[in-house]
Amino acid sequence: MESPVDQRVSPVRVAVVQFEPRVGVENLEANALAVEQRLTAAADAGAGLIVLPELATTGYVFETREEAYAHAESVPDGPTVESFARIAAARNVYIVGCVAELDGVTLYDTAVLVGPDGYIGRYRKTHLWNTEKLWFTPGNEGFPVFDTKLGRIGLLVCWDIWFPETARIVAQLGADIICIPTGWVWTPPPLYDASGVCMAAYLTMTAAHANNVFIATADRIGQERGAGFMGNSLIAGTNGWPIGRIAGPDEDTIVYADLDLTAARTAPIWNQLNDLHRDRRTDLYDQLLGYTGRAPLPR
């Protein structure tokens, strides 16, 4: 009799990287080296899809617009995306990273997806947190979902997960997994429950459960210019529960999960009478909640 692993049609090991980057142009080289070391470690451990924290090569807490510009680069021909592409090609992996993107004179907080064949696409963060609004412009390209050899990959960034519309739309656009670089900062207390899990981790699990989609969130740790970061990186299954463990608040670590990625396409079918997509009352509300960026794609 075949085991469940033998029956997988889209097997992939997903890795979410958690560490402490440091802001400042003087730290760019060290951050890039730290990222490359962790990408290499994840690939050595068999990962095929690796997610990095938000702004992992630049640090997060800029103090002035001038400083934000000093950390920014173009996409896809900037040095960070080119580095991701080089590693992805050499190790036959897919990488989700996040950079301060410079487009003309406009800055975006941008997630990028690269694979063994190079740059695939980007997502510009839709919902900006706190002082991000002083230098970044809200995303203007909608919610992309990218077809890859692994399956369909959707992207969000950090604060986006607080808005249930984002994961709903990306799931309705056909994503098998949503990859989310994050820099979850300290929220109103209590920061963690008794088990050491923060609210953002629960929001991730809730979004995965409510949409029956895999979600991989990679957070950072440490403190930077008065901002504290939550950790708690995790990979949620289509049922919402973490696969494996949730990273601790202060761990420099990589969390892994072995997934059958396109199993997300049948996950919404719960029983003979309940199907998440079929049960939605699209006679009362629009299937894509008014989003017009592209047509829905059934999973």
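Q: Which elements do the buried residues of helix 4 pack against?
A: They pack against strand 6 (145–147), strand 7 (152–155), strand 8 (177–181), helix 5 and helix 6 (276–279). Helices (H or I, at least four residues) and strands (E, at least two) are DSSP runs, numbered from the N terminus. The model is predicted, with local features needing pLDDT of at least 70 and side-chain atom pairs pLDDT 80 or more, while totals for chains, interfaces and linings use all residues. Residues are numbered from 1 along each chain as its sequence is written, and side-chain values use heavy atoms, leaving out hydrogens and water.

Q: What makes residues of helix 4 count as buried, and which are they?
A: Buried means under 20% relative accessible area, exposed over 50%, and partly exposed in between (1.4 Å probe, protein chains only). In helix 4 the buried residues are Thr166, Ala167, Ile169, Val170, Ala171 and Gln172.

Q: Why are helix 4 and helix 5 called oblique to each other?
A: The axes of helix 4 (residues 164–172) and helix 5 (residues 199–211) come within 10 Å and cross at roughly 40 degrees. Angles under 35 degrees count as roughly parallel, over 145 as roughly antiparallel, 65 to 115 as roughly perpendicular and the rest as oblique. Helix 4 and helix 5 are therefore oblique.

Q: Which residues make the contact?
A: Ala167, Arg168 and Ala171 of helix 4 meet Ala207, Ala210 and Asn211 of helix 5, contact being heavy atoms within 4.5 Å.

Q: What follows helix 4?
A: Glycine 174, with a positive phi near 105 degrees, follows helix 4.

Definitions and conventions
Axes fitted to C-alpha atoms, helices over the stretch in contact; angles between N-to-C directions.
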